[in-house]
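Please read these notes with the model open beside you.

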Amino acid sequence: VGVPYDEVSYLVAGVNHQAFVLRFARDGEDLYPLLDAALAADPGMDRRVRVEMYRRLGFYPTESSEHAAEYVPWFMRTPESIARFRIPVDEYVRRSEEALTEYAEARRRLAAGEPFTVERSVEYGSLIIDSLVTGAPRVIYGNVRNDGLIDNLPAGSCVEVPCLIDANGVQPVSVGALPPQLAALNRIFLNVCELTVRAALDGRRDHVHHAAMLDPRTAASLPLETIAEMVEAMIHAHGDLLPEGIR
């Protein structure tokens with residue numbers, strides 16, 4: 001939108017990998033109209049998952065297009081849709097292979113006593129520690145227990161909201177109610193999360209099946225019998241890594 005990042009204020013909320021920009025402004029001016037104009041000026045943006053989600057839901061998602069596609073049922077149903085939205089279905093495999101190569105190289109350098117250049121990553125961990133130790137205030141977006149933070153998402157679920165970090169610790173900020181269409185989408189994902197957690201804590205193999213059945217991506221692509229076969233194959237593959245009662 002042609003506005004320097006340090007002049008932008010924003011408010012984001014939702015759940016992990018499925019949060020939305022609720023406010024996007026500069027000095028009180030809503031920047032969403034500028035975003036609309038920028039998207040209209042570039043026809044190629046019609047072929048991005050998160051742009052399509054923005055147009056349908058009214059708020060821009062924070063997640064990348066390829067990752068957002070993994071959490072909703074609409075974009076990876078057919079080869080034609082995958083091609084239209086330019087979804088790199090092998091991206092996670094590529095990143096995993098790259099990470100394994102980097103890990104092997106790091107082990108080799110450590111064993112050889114070679115020096116490292118240590119740099120802070122884009123992750124929040126070191127910033128959180130710095131604020132806790134020094135008291136320097138920061139706002140980060142954290143995944144925390146929903147204790148009255150988002151009114152129309154289940155109490156006790158894990159939600160993503162702004163959090164003030166300082167010497168007093170992590171202090172999540174209440175954002176009230178999400179727009180109903182966003183809360184509805186988040187609740188679908190949280191249902192899968194709850195069943196997965198219950199499967200692990202209660203040792204319930206059937207809840208693994210329930211979670212997969214209700215996952216919107218899975219349900220959009222596979223019949224029930226195939227979902228069941230896939231779950232059993234994955235449980236077998238993971239073996240003793242899984243909680244007792246599931247394996």
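**Notes on spaces and helix packing**

1. The lining of the largest pocket holds 17 nonpolar, five polar and three charged residues. Here Ala, Val, Leu, Ile, Met, Phe, Trp, Tyr, Cys and Pro count as nonpolar, Asp, Glu, Lys and Arg as charged, and the others, Gly among them, as polar. This is a predicted model: local features need pLDDT of at least 70, side-chain atom pairs count only at pLDDT 80 or more, and totals for chains, interfaces and linings use all residues. Residues are numbered from 1 along each chain as its sequence is written, and side-chain values use heavy atoms, with hydrogens and water left out.

2. How many residues line the largest pocket? The lining has 25 residues. Of these, Thr196, Ala212, Asp215, Thr218 and Met234 lie nearest the centre of the pocket. Its volume is about 860 Å³. (On a 1 Å grid over the protein atoms alone, a pocket is an open set of points with protein on both sides within 12 Å along at least five of seven lines; a cavity is a set where a 1.4 Å probe fits but cannot get out; lining residues have an atom within 4 Å of a point. Points are joined across faces, edges and corners, and a volume is the space filled by probe spheres set on them.)

3. Which helices supply this lining? Helix 7 (180–202), helix 8 (205–214), helix 9 (216–221) and helix 10 (224–238) each give at least two residues to the largest pocket. Helix 7 gives the most, with six residues. (Helices are DSSP runs of H or I with at least four residues, strands are runs of E with at least two, and both are numbered from the N terminus.)

4. Now look at helix 7 against helix 8. Their axes come within 8 Å and cross at roughly 165 degrees. (Axes are lines fitted to C-alpha atoms, for helices over the stretch in contact, and angles run from 0 to 180 degrees between N-to-C directions.) The two helices are therefore roughly antiparallel to each other. (Under 35 degrees is roughly parallel, over 145 roughly antiparallel, 65 to 115 roughly perpendicular, and the rest oblique.) Helix 7 passes helix 8 in a left-handed crossing. (Left-handed means that the near helix is turned anticlockwise from the far one by less than a right angle; right-handed means clockwise.)

5. Which residues meet there? Helix 7 brings Val192, Leu195, Thr196, Arg198 and Ala199, and helix 8 brings His207, Val208, His210, Ala211 and Leu214. (Contact means heavy atoms within 4.5 Å.) By class, this contact of helix 7 with helix 8 has six nonpolar, three polar and one charged residues.

6. Helix 8 also packs with helix 10, at about 130 degrees and with axes 10 Å apart. That angle makes helix 8 oblique to helix 10. The crossing is right-handed. Helix 8 uses Arg205, Val208, His209, Ala212 and Met213, while helix 10 uses Leu224, Ile227, Ala228, Val231, Glu232 and Ile235. The contact has eight nonpolar, one polar and two charged residues.

7. Turn to the second largest pocket, with about 610 Å³ of space. It has 16 lining residues, and Asn16, Thr62, Glu63, Tyr124 and Glu160 lie nearest its centre. Strand 1 (9–15), strand 4 (60–61) and strand 5 (138–145) each supply at least two lining residues. The classes here are eight nonpolar, four polar and four charged.

8. The largest cavity has a volume of about 40 Å³. His17, Gln18, Met53, Pro61, Glu63, Ala68, Tyr71 and Val72 line this cavity. Five of these residues are nonpolar, two polar and one charged.
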